[in-house]
Amino acid sequence: MQLFVVLNPVAGRSHATEVRQALARHFDPASWQVTIHETKADEPVDAAVRASVDRGVDMVVAAGGDGTLSAVVDGLANSNVPLGILPTGTTNVVAQELNIPLNLDKACQLLAGEHKLRAIDALQFGQQFYVLSVGIGLDALAMQTTSQQDKRRYGKLAYVWGIIKLVMGIQPHAFTIVADGQKRRVKAADVLLTNVSTVTGPLRWGPHIAPDDGQIDIVIMRARNLIDILGVIYDILVPGRPRRNRNLRYWSARNSILVFSEQPLPVQGDGDLLGNSPVEVQIWPGLVQMIVPVEQSGRRWPSFSLPGSHSDSA
């Protein structure tokens with residue numbers, strides 16, 4: 001069996017040596033031929049992944065954060081090679097969404113042992129694919145102002161602090177959103193095109209969002225100050241409760257989404273900065289086969305009638 005590992009040596013707090021040691025503990029060389037590819041700045045990772053697929057690799061693993069994962073997905077798109085995650089990044093949102101252990105050894109045990117596959121949707125922006133989200137506005141600004149040093153030192157709290165600092169002077173922006181040909185004009189601090197319900201830790205957008213439902217959900221956040229942001233956090237902190245916060249609206253699309261803003265705003269995709277708006281994404285259902293725990297059945301909470309549903313005005 002051949003295993004190809006894409007290792008980001010500067011992601012999060014784990015060191016490359018620790019990842020190599022964990023892989024050696026769990027993948028018996030008598031059964032597995034392990035190739036580890038350490039990424040370098042501005043390197044086209046997708047080319048290395050495609051080459052491994054052409055060689056007949058049996059499994060590809062992304063060892064890093066969500067940005068590393070999306071780079072690997074680019075090389076695996078529309079192949080049948082399963083993709084595993086060693087979540088060594090700062091937040092590892094996709095791993096949280098899929099109930100993949102955040103502990104390095106337990107994540108290796110999952111990959112080397114019993115598991116199943118789950119077909120995950122993706123967003124295409126330009127020539128790249130993203131399995132987490134594409135955000136325009138506040139969340140991208142927070143990533144733009146958060147240093148790599150702060151991410152390694154404070155983890156996910158670095159992003160939270162970045163958002164709080166930005167909120168002090170937040171101004172809503174005028175957006176035009178076209179989802180599957182339907183147009184809306186809104187004023188918002190942030191427009192997030194998300195494939196997952198997880199924000200981070202216990203924070204969830206809602207039970208109507210899943211990474212394998214064939215659609216991408218649009219979260220429109222209209223917060224204007226710190227009090228509004230705290231209200232949003234409270235609203236998404238309690239799983240299963242109806243979303244009644246006046247500063248959140250939801251919409252969805254199954255084919256394509258365009259987002260225009262009155263002035264250029266930063267854009268992030270799976271945690272990496274991509275440039276400025278406007279944004280056009282295509283939706284690819286079931287693009288990649290992800291390795292997940294056997295008990296994985298997709299996160300679902302009790303159903304409810306969603307206030308401010310997709311047909312409501314934003």
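Analyst: This is a predicted model. Helix H2 passes helix H3 in a right-handed crossing. On the H2 side, the residues that make the contact are Val-45, Asp-46, Val-49, Arg-50 and Val-53. On the H3 side, they are Ala-71, Val-72, Asp-74, Gly-75 and Leu-76. Sorted by type, the residues of this contact comprise 6 nonpolar, 1 polar and 3 charged.

Now the geometry. Two packed helices are described by the angle between their axes and the distance between the axes. Here H2 covers residues 45–54 and H3 covers residues 66–76. Their axes come within 7 Å and cross at roughly 45°. Angles under 35 degrees count as roughly parallel, and those from 65 to 115 as roughly perpendicular. The two helices are therefore oblique to each other.

Two of the H2 contact residues, Asp-46 and Arg-50, also pair with each other. Their side chains meet in a salt bridge, with a distance of 3.0 Å from N to O. Both residues lie in helix H2, 4 residues apart, which is about one turn of the helix. Arg-50 has a relative accessibility of 39% and counts as partly exposed, because that value falls between the 20% limit for buried and the 50% limit for exposed.

Another joins the side chains of Glu-38 and Arg-20, at 3.2 Å from N to O. This pair links distant parts of the chain: Glu-38 is in strand S2 (residues 33–38), and Arg-20 is in helix H1 (residues 16–26), 18 residues apart. Glu-38 is partly exposed, with a relative accessible area of 28%. Arg-20 is also partly exposed, at 36%.

A further salt bridge is formed by Asp-212 with Arg-118, and their closest N and O atoms are 2.8 Å apart. Asp-212 lies in the loop between strand S12 (203–204) and strand S13 (216–221), while Arg-118 belongs to strand S5 (residues 116–125), so the pair ties together parts that are 94 residues apart in sequence. Asp-212 is partly exposed, with a relative accessible area of 30%. Arg-118, in contrast, is buried, with a relative accessible area of 6%.

Notes
Residues numbered from 1 in each chain as written. Predicted model: local features only at pLDDT ≥ 70, side-chain atom pairs only at ≥ 80, totals over all residues. Heavy atoms only, no water. Axes fitted to C-alpha atoms, helices over the stretch in contact; angles between N-to-C directions. Parallel < 35°, antiparallel > 145°, perpendicular 65-115°, else oblique. Left-handed = near helix turned anticlockwise from the far one by under 90°. Contact = heavy atoms within 4.5 Å. Nonpolar A, V, L, I, M, F, W, Y, C, P; charged D, E, K, R; others polar. Salt bridge = Lys/Arg side-chain N within 4 Å of Asp/Glu carboxyl O. Buried < 20%, exposed > 50% of the residue type's maximum accessible area, 1.4 Å probe, protein only.
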